[in-house]
Amino acid sequence: MQVTLNTLPYVDSSKIGALGICAGGGATIAAAPTEKRIKAAAGVSTFDVGAANRAVGQEAVNQTLKKVAVQRENEAKGDPILMVPIIPDTKEQLPAGAPEFLVEAVEYYRTPRAYHPRATNRSTFTSVADALKFYPWENLGTMMEAPLLLIAGDRADTLPFSQAAYDADKGPKELYLVKGATHVDMYDKEPYVSEAVVKLSDFFNENLK
């Protein structure tokens, strides 16, 4: 049985808002233009998984997709599903010159700060094909009607993702910068989180009346 928000007795289906953080922000904003039950959408430290994976260049992307094709063929013939790390497991595994958000992610997800034993930090290798074809902002300029709030730290190296979403949207929108915050600071560090929560509360209260 499928349960959706609007079937729950305590939910007013005319007042559904959506909020995503990091990759969840990208997914939320990608969904909002065509999911008209979303009346307001917000992203915090919004991350474009597609653009991040394509940043290696087209030649490398095509080589990866060829490897995905081989792996799919092998798995169809009975080989084990290939699982790969989402981020490096330790700081020592970080590549030279790793972007700040990746360094922060290891410090956050792979330490007691946010680690959970059921979070294996693994995904299927073949799923990278889905990431590579993900363009979360493509419908913002034509189908987006819900107001959009983007919150990002002004020191975040991922700020261009929020800026790109803001630029693509033609409807009611705001890009709110939290002074002094990096990408991962917005997950759990004060006073940045409290500032974001106040802004989000005001935004949803205004747009979900």
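A pocket here is an open set of grid points, where a 1.4 Å probe fits, with protein on both sides within 12 Å along at least five of seven lines. Its volume is the space filled by probe spheres set on the points. The model is predicted. By these terms, the largest pocket holds about 1300 Å³ of space.

**Largest pocket**

- The lining of the largest pocket comprises 41 residues, and N53, P85, I86, I87 and L102 are the ones nearest its centre.
- Two or more lining residues come from each of these elements: the helices α2 (49-54), α3 (58-76), α4 (100-109) and α5 (128-132), and the strands β3 (83-85) and β4 (122-124).
- By residue class, the lining has 30 nonpolar, eight polar and three charged residues.

**Sheet**

- Four strands form an open sheet in the order β1-β2-β5-β6, and their pairing is parallel.
- β1 (16-21) and β6 (173-178) are the edge strands, each with pairing on one side only.
- On average, neighbouring strands of this sheet are turned by 15° against each other, direction ignored.
- Six bridges join β5 (residues 148-153) to β6 in the parallel sense.
- L148 has K173 of β6 as its bridge partner.

**Helices on the sheet**

- Helix α6 (residues 159-168) packs on the sheet and touches β5 and β6, with its direction at about 160° to that of β6.
- Helix α1 (residues 23-31) lies across β1, β2 (38-44) and β5, and runs at about 145° to β1.

Note on methods
Residues are numbered from 1 along each chain as its sequence is written. This is a predicted model: local features need pLDDT of at least 70, side-chain atom pairs count only at pLDDT 80 or more; totals for chains, interfaces and linings use all residues. Side-chain values use heavy atoms; hydrogens and water are left out. On a 1 Å grid over the protein atoms alone, a cavity is a set of points where a 1.4 Å probe fits but cannot get out, and a pocket is an open set with protein on both sides within 12 Å along at least five of seven lines; lining residues have an atom within 4 Å of a point. Ala, Val, Leu, Ile, Met, Phe, Trp, Tyr, Cys and Pro count as nonpolar, Asp, Glu, Lys and Arg as charged, and the others, Gly among them, as polar. Two strands pair if DSSP finds at least two bridges between them. Axes are lines fitted to C-alpha atoms, for helices over the stretch in contact, and angles run from 0 to 180 degrees between N-to-C directions. Contact means heavy atoms within 4.5 Å.
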